[in-house]
Amino acid sequence: MVLIVVFGAALLTAVLLSGLAARSVLSTSLLFLVGGALVGDGVLGLVHITADSGIVATTADLALFTVLFTDGMHVSFPSLRAAWRNPVRALGIGMPLAFAGMALLTHWLVGLDWTTSFLVGAVLAPTDPVFASAIVGRREVPARLRQLLNVESGLNDGLALPVVLVLIAAAGPAAGAADDSLPHIGLELVGGLALGIVLPLLVASVVRLPLLGAEPKLQPLLPLATGVILYATCHLTHANPYLAAFSAGAVLASVSPQGKAAFEPLGGALAELSKFAALLVFGSLLTPGLFGDLSLGGYVAVVLAIVLVRPASLLVSLARSGIERREQLTAAWFGPKGFASVVYGLLVLQSGIPQAERAYTLIAVCIAFSIVAHSSTDVPIARMFDVEDLVGIPEEDGDTRVR
């Protein structure tokens with residue numbers, strides 16, 4: 001109950017400060033992260049949550065599923081066909097470079113073995129523009145840049161997952177069983193993709209039957225019901241829920257544009273609530289002891305991951321792409337580590353591999369630093385594009401130019 005009260009208070013504060021946050025370095029995401037840290041065992045001790053607590057895995061799992069489901073609905077297949085080259089560059093060149101670069105830093109500076117180092121690289125490879133909302137959420141920012149960041153972040157979670165699962169199997173106490181687990185991992189991924197495609201198509205077909213159809217005020221609940229069934233089915237069948245969520249959102253948006261439009265306000269609110277809850281719980285794990293357990297080399301690796309590895313890898317991938325330099329630099333900087341990395345980091349911790357705790361400590365500190373760095377710099381950097389208002393934030397009377 002204490003955690004619920006804290007969540008309600010943080011949510012109220014975030015809503016009241018959201019207008020200010022939209023035009024300053026103040027970040028509502030950071031508010032929940034700090035709130036969780038304050039009430040956790042590291043400071044006030046009002047809530048007692050450990051990394052292996054069920055609430056941690058559940059909130060992170062639900063948040064990532066919800067975010068991927070709503071993100072999938074923003075995938076426009078016609079737009080992707082018209083402008084696929086830059087996202088493919090980021091995913092096909094930039095992501096592997098960031099993965100390898102982080103693995104090298106982890107091995108050389110933290111001293112983890114090669115398999116675990118590559119596992120850390122895979123966990124931290126996905127990006128999340130949630131913490132750069134002033135960039136991806138503003139109409140005035142070039143659509144090409146917003147699409148690049150959105151598509152990259154939407155797809156790299158699913159691309160990183162099989163690598164994470166395979167490396168966990170390879171790094172385990174019985175590393176020789178990795179080959180035996182590959183078919184199982186592949187089956188989970190294929191099952192998630194299949195469910196994510198078949199279930200929305202089935203629902204869309206049922207809706208078109210005579211005598212059936214949703215009343216306008218209940219239309220937003222149709223995608224929600226589909227998502228709830230999909231989430232539960234994935235867990236019952238052990239299909240991968242994240243790949244299923246993203247593919248289901250994309251299929252729903254494609255076969256039912258009206259349903260997508262009706263669900264957007266509700267889906268956006270649910271995604272925000274789930275993200276805030278996950279940040280609050282994750283923040284409660286950020287104790288002084290956690291930061292104290294990371295070596296000096298680990299902190300150097302964290303800083304280099306944020307200011308060097310991601311920027312350099314994306315700049316290399318966008319070379320000769322035709323994107324102007326200002327947009328390239330912006331895209332290169334905004335590679336925040338988000339909910340996918342939180343969930344995958346928890347998978348590492350709960351896997352029982354020999355260096356799980358050391359790997360998780362590095363991952364958690366890197367995510368925390370990334371949230372602070374990226375969610376606090378999105379508005380100032382957005383000003384380079386002469387941006388005025390966030391999408392969904394009403395204009396004020398008079399001159400609304402950000403200065």
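Let me begin with a term: a contact here means heavy atoms within 4.5 Å. On that basis, residues 24 or more positions apart account for 80% of the contacts in this protein with a separation of 6 or more.

What we are looking at is a predicted model, in which local features need pLDDT of at least 70 and side-chain atom pairs count only at pLDDT 80 or more, while totals for chains, interfaces and linings use all residues. Residues are numbered from 1 along each chain as its sequence is written, and side-chain values use heavy atoms, with hydrogens and water left out.

The protein has 18 helices and zero strands, where helices (H or I, at least four residues) and strands (E, at least two) are DSSP runs numbered from the N terminus. Of its 403 residues, 51% are buried; buried means under 20% relative accessible area, exposed means over 50%, and partly exposed lies in between, with a 1.4 Å probe and protein chains only.

Let me turn to the interior. A nonpolar core is a set of buried Ala, Val, Leu, Ile, Met, Phe, Trp, Tyr and Cys residues joined through side-chain atoms within 4.5 Å. The largest such core has 96 residues, of which F32, L119, V120, F282, Y344 and Y360 touch the most other members, and helix 17 gives the most to this core, with eleven residues. If we leave aside neighbours within four places in sequence, L119 is in contact with V164, L167, I168, V348 and I353. There is also a second, separate core of eleven residues, which includes L145, L314, A331 and A332.

Helix 16, residues 339-349, is mostly covered, with ten of its eleven residues buried; among them are F339, Y344, V348 and L349.

Now to the aromatic residues, where rings of Phe, Tyr and Trp (its six-membered ring) pair if their centres lie within 6.5 Å, and planes under 30 degrees apart count as stacked, over 60 as edge-to-face and the rest as tilted. A search of the whole structure finds eight aromatic pairs. In one of them, the ring centres of F7 and F32 are 5.9 Å apart and the planes stand at 50°, so this pair is tilted. Because F7 lies in helix 1 (residues 2-21) and F32 in helix 2 (residues 28-39), the pair ties together parts that are 25 residues apart in sequence. Both F7 and F32 are buried.

Y299 and F369 also form a tilted pair, at 6.1 Å centre to centre and 50° between the planes. This pair links distant parts of the chain, with Y299 in helix 14 (residues 296-317) and F369 in helix 17 (residues 356-375), 70 residues apart. Here Y299, at 21% relative accessibility, counts as partly exposed, and F369 is partly exposed with a relative accessible area of 32%. Elsewhere, ring pairs link F65, F69, Y231 and F263 into a cluster.

Finally, two threonines. T70 lies in helix 3, residues 54-72, and counts as buried at 9% relative accessibility. Its side chain reaches the backbone oxygen of V67 at 3.0 Å, and, leaving aside neighbours within four places in sequence, T70 is in contact with F263, G267 and A271. T106 is found in helix 5, residues 85-110, and is buried at 0% relative accessibility; with the neighbours within four places in sequence left aside, T106 is in contact with G111, L112, S117, V120 and L362.

How values were computed: A polar contact is a pair of N or O atoms within 3.5 Å; within protein, one must be able to donate a hydrogen and the other to accept it, and residues adjacent in sequence count only if both atoms are side-chain atoms.
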